Amino acid sequence: MDFIKVTMRGALLSAVLSLFIAVSASADPGRPGGATSTQFQDANAFSQPASNLSLDGRMNFSIGNSFFRNPWIAAPATTTARDGLGPLFNTNSCQGCHIKDGRGHPPLPGQAQAVSTLIRLSIPETQDRIRLASEGVIAEPTYGDQLQDFSIAGVESEARIQWQYEYSSVELATGTEVSLRKPIIELSHLAYGPMHKDVMLSPRVAPAMIGLGLLEAIPAEDILANADPEDSDGDGISGRPNSVWDGIEETLVLGRFGWKASKPTVKQQSAAAFFGDIGITSNLSPSESCMPAQTGCVAAPDGGYPELSDELLDLVTFYSQHLAVPERPDHAEAQVLEGEKVFHETGCASCHTPQWQTGDGASAALSNQTIYPYTDLLLHDMGEGLADNRPDFDATGLEWRTPPLWGLGSYQVVNGHTQLLHDGRARNALEAILWHGGEAEDSKNQVIELSEDRLAQLLIFLDSL
Amino acid sequence: MHKVFTRQRLFALPLYFIYLGYSACTTAQALPTDSELNSVGERYLELASASFGAALEEALIMQQAIEAFLDQPDLETLGAAKSAWSLARKPYAEIEAFRFGNLIIDDWEPQLNAWPLDEGFIDYVDQGSYFYELGNPVGQANLIANTSLSYGPQVLDLTDLSADLLASLNELGGTEANVATGWHAIEFLLWGQDLNGTGPGAGNRPVADFALTEAECSNGNCDRRRQYLSAVTDLLIEDLEWGVSQWDAEIATNYQKEFAALPAKEQLRRILFGVGSLSLGELAGERMKVSLYANSPEDEHDCFSDNTHFTLLHDQIGIANVLQGQTGFAAPLTRGISVVELLEQYDADLAQELGNALNNSTEVIAKIAASAEAGIAFDQLIAPGNSEGAAMIQDAIDALFLQTRAIEAAAVALGLNSLAANTEGHF
C-alpha cells in the first residue's frame with residue numbers, strides 16, 4: 001500500500017464520503033424509490049445503481065454486477081472464483097433468469113430448457129417436523145425441492161418441462177371479451193425414476209430485481225401492523241405474514257422475498273438462488289443440491305467449498321439491494337391521476353399498499369426513504385384459479401405474497417413483454433387483474449364492472465408505474 | 001487494504017466525526033463563483049472536443065489499415081490492422097472519462113464498446129473452451145456462418161451483414177453479452193479467441209479466415225467475415241463521428257450547447273462524477289478487482305488482443321486529462337481553466353494532493369503496462385497463484401481508491417454537497 005504521497009490527509013479524505021450521505025428526500029410519487037430512483041427509462045432502466053449511492057458503493061455494485069451477469073462454469077476450471085456450476089442447475093448466471101435485471105418469461109415454443117422459469121417440487125406434510133420448520137416444505141424425495149432441467153457433462157438433467165396452455169375467457173361489463181390462458185405443465189424424460197405420487201408442482205417465473213434493498217428496509221413492525229389474519233375489520237382482506245426460518249439468526253422471522261415470501265432477506269434469497277438455480281454452494285447452503293438417488297450428481301467434481309465465498313455473496317447481495325427503481329415521469333398527468341383514483345376506489349390499494357417509509361437499510365442510500373412499491377408484503381388467499389396448492393412455511397396453497405407493482409410500466413421496454421403473475425400466464429396487467437380471486441374477488445368484480453373510460457384510466461395508471 | 005471494500009469501512013463513524021471537526025475549521029473558506037465554475041466547464045468542453053476528435057482521427061487510420069488488409073489479406077496487412085486497432089484504442093480509452101457524468105455518452109457507448117461479449121454469437125468458436133450464458137438463446141448463433149437466425153417465433157434475415165442489421169442485433173433477446181458491433185467485435189475478428197487462458201499469448205486468428213476466395217478460406221464463410229469486419233468498422237467510424245459532433249462548438253444544437261447552458265455547479269458535478277465513477281467503479285472495480293477475484297481472462301477487458309494494459313493506462317490518463325484540462329493528443333488547450341487550476345486558488349494543498357494522486361495512479365498502472373510490454377500480460381498477472389501480479393494490480397486499485405477520495409475532496413472544496421446524479425437544482 002503506497003500511502004507516501006497522500007498520507008497527510010488520507011484519513012480525512014477517506015471520510016469525505018460521509019458528507020455525501022443523502023438527505024432523506026420528501027415524499028414524491030414520481031420517484032417511487034425515493035432518492036435511489038433512476039432517470040433511466042430505456043432498456044437499461046432496471047440495471048442502474050441507486051442514484052444516491054456513493055462512489056464506493058458504486059464500486060461494490062460494479063463488482064457484484066459482474067458476478068451477477070457473467071456465467072459460472074463447471075469445475076474444475078482455471079477461474080476458481082467462477083467454477084462449480086451444477087451438477088444440476090436451471091441456468092448458469094443470475095442474469096440468465098433475471099433478464100436485464102428484469103422479469104423472466106414462460107418457456108417459448110420449442111425451447112428445450114425453461115431457464116427463466118422453474119418448477120418447485122414438494123410433497124404433503126409428513127412427520128418430518130424439523131425439516132418443515134427450517135425449509136418450509138418437504139422436498140420431493142428423489143428430485144428435491146426444485147426441478148433442474150440442465151446438468152453438467154456426465155450427469156443427467158432431471159426432466160423436461162412440457163408447457164402448454166388451456167384457455168378461457170371473461171366478459172367485461174363493456175361487452176369486451178378477454179381471453180385468459182393457464183399453463184398446463186407435464187414433466188417428461190424423468191431421469192431418476194417416477195416422482196412421489198403426491199408431488200406438488202409450482203411453476204415460478206424469475207421476478208425483477210429492482211428496489212429489493214428498499215423492501216428489506218421497511219421495518220417489520222410496520223408490515224405486521226397491516227396484518228389482519230382473522231379479518232377482524234371485516235373487509236374481506238386478511239393479510240397474513242409468512243413466518244420463515246432465518247438461517248443466519250436461526251429463528252423464525254417475517255418472510256419478505258419470493259412469490260410466497262419464504263425468504264427473509266436479500267442475502268438469504270440470493271444464496272438460495274445460487275444454490276437451487278445454479279448449483280453454487282455457499283456457507284448458507286453448504287452441500288450440493290444432489291439427492292441421494294442422484295449418484296452422478298453426488299460423484300461429480302465440485303468447485304471447492306464454498307463455491308461462492310462469503311465476500312462474493314456479500315457483493316452480489318449488495319448489488320441486488322441497490323438496483324434502482326425507475327422514476328415515473330408521467331405520474332402527475334391527468335389520466336394517470338384519474339386512474340390512480342380508480343385503483344383506490346376498486347380496493348386494489350388494500351393489498352397493493354402504495355407508500356412506505358424505510359428505516360435503517362443495508363446502506364445509507366436505502367435508509368429513511370419514502371417509497372411507493374405498491375405491496376404490503378403479506379400473504380393473501382388469491383382463490384382457486386391462481387392457487388398452486390403447494391404450501392411454503394405458513395403460506396397455504398391458496399396464498400401468494402402481494403407482488404410490488406413498481407416498474408410495471410417498464411417491463412415492455414426492458415424485457416420486451418408484459419407477462420405477469422408467478423407463472424407468466426397473464427399477458428398484460430388486465431389479464432393479471434382478472435386472475436385475482438379469493439380475497440381480491442370483490443376488487444376484480446369491480447374492475448369488470450368499470451366503464452370503458454375508467455378501465456382505460458386504471459390501465460394507464462398501472463402503465464405509469 | 002482489502003477491508004476498504006466492506007460496508008463497515010464505508011460508514012466508519014469515527015472518521016466521520018474527525019472530518020466534521022476538520023470541516024468546521026475550514027468552512028469559512030471562500031467558494032468559487034459561478035463564473036469561475038463556468039470557466040472550468042468551458043475547458044472541459046474544449047477538451048472533450050479535442051479528445052473525441054483525436055479518437056476519430058486514430059480510428060480513421062485503423063479503418064484504412066483494415067481496408068488494406070481486406071484488399072490484400074496477408075500476415076503483414078493483418079499485423080498492420082492489429083497495430084492500428086491497438087493505437088486507436090489509446091485515444092478512445094481517454095474519452096471514457098466523459099462517460100457516467102454525461103448520460104448521452106453512456107447511452108451512445110454500448111454500441112461502440114460493449115463488453116464482455118459472447119463471441120459465439122458472431123463467429124465460430126472453440127467448443128471446448130467457450131462458455132456463454134445459458135439463458136442466451138443465441139449464444140452460438142454464429143452470424144457469420146448463417147444467413148438466417150431463428151429466435152423464438154421470429155426468423156431474422158442475415159443475408160446482408162449491414163451495419164444497421166448488426167447494430168439491431170446488439171443485446172438480442174435481452175442478453176447483454178450479445179454484442180455484434182464495436183471495438184471488441186473488431187478485436188475478435190482481427191485476433192480470434194485467446195485460447196491461452198492465463199498463459200502467455202493472445203488470440204491467433206489465421207489470415208486465411210479472410211481469404212479472397214472460398215478455396216483458400218479457413219473456417220469457412222470468408223466473404224461474410226470480410227463483409228462483417230468492413231461493416232462494423234464503418235459503423236464504429238459513423239458512431240465516433242456522431243460523438244465528435246456532440247462536442248463541436250460550431251454546431252447550433254448539440255450536447256455541447258446543452259452542457260454549457262447547465263447551472264455551473266451541475267457542470268462541475270457531471271465532470272467530477274464522471275471521472276470518479278470511472279476511477280473507482282469501472283477501473284478499480286469492474287476491470288481490476290473482478291479479474292483478481294475470478295482469476296479469469298473472461299473478465300479481461302481487451303481479452304482477444306491482450307491490449308488490456310493500454311486501455312487501463314489510457315483510461316487513467318483520460319481521468320487526469322479531465323482534471324488537468326489537457327490531452328497529449330492535442331496542442332495545449334487555452335479556453336477557461338482546469339479543475340486543478342481552480343482548486344489551486346481555493347485549496348492549494350488539496351490541489352497538490354490531487355495532482356500527486358493522479359500521477360501516482362498513472363505511474364502504478366504504467367507498471368502493469370510495462371510488464372505487459374515486457375511479455376507478461378494482464379491475463380498472466382491475474383493467474384491463480386501469481387502473487388506478484390496480484391500485488392501489482394492491487395497497488396493500482398489502492399491508488400485509484402485514493403485518487404477517488406481526492407476527487408471527492410475537491411468536489412467539497414469547490415462547493416458541491418453531493419456528486420450523486422438526480423440532484424439538478426438541489427445543491
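Arg287(B) counts as buried, at 3% relative accessibility (buried means under 20% relative accessible area, exposed over 50%, partly exposed in between, with a 1.4 Å probe and protein chains only). This is a predicted model, where local features need pLDDT of at least 70, side-chain atom pairs count only at pLDDT 80 or more, and totals for chains, interfaces and linings use all residues. Residues are numbered from 1 along each chain as its sequence is written, chains are lettered from A and ligands numbered from 1 in the order in which they are written, and side-chain values use heavy atoms, with hydrogens and water left out.

**Salt bridges**

- Arg287(B) and Glu96(B) meet through their side chains in a salt bridge, 3.1 Å from N to O (a side-chain nitrogen of Lys or Arg within 4 Å of a carboxyl oxygen of Asp or Glu).
- Glu96(B) sits in the loop between helix 4 (75-94) and helix 5 (103-108) of chain B, and Arg287(B) in helix 11 (residues 264-294), so the pair ties together parts 191 residues apart in sequence. Helices here are DSSP runs of H or I with at least four residues, strands are runs of E with at least two, and both are numbered from the N terminus.
- Glu96(B) is buried too, with a relative accessible area of 2%.
- Salt bridges that share partners join Glu96(B) and Arg287(B) into one network, along with Arg99(B), Asp106(B), Glu109(B), Glu282(B) and Asp315(B).
- Over in chain A, Arg454(A) pairs with Glu338(A) in a salt bridge of 3.1 Å, N to O.
- That pair links helix 14 (residues 452-463) to helix 10 (residues 334-345) of chain A, with the two residues 116 apart.
- Across all chains, the count comes to 30 salt bridges.

**A negative patch on chain B**

- Glu67(B), Asp71(B), Asp164(B), Asp234(B), Glu238(B) and Glu241(B) gather in a patch of negative charge on the surface. Patch members have over 30% relative accessible area and no salt bridge, with like charges joined within 9 Å and nonpolar side chains (Val, Leu, Ile, Met, Phe, Trp, Tyr) within 5 Å.
- Helix 9 of chain B gives the largest share of the negative patch, 3 residues.
- Glu238(B), found in helix 9, is partly exposed at 46% relative accessible area.

**Chain B overall**

- Chain B has 16 helices and 2 strands.
- Its C-alpha atoms fill a box of roughly 80 × 55 × 45 Å, taken along the principal axes.
- Of the 427 residues in chain B, 61% are buried.

How values were computed:
Accessible areas come from the Shrake-Rupley method with a 1.4 Å probe; for residues, only the protein chains shown count as cover. Lys and Arg count as positive and Asp and Glu as negative; His and the chain ends are not counted. The place of a charge is taken as NZ of Lys, CZ of Arg, CG of Asp or CD of Glu.
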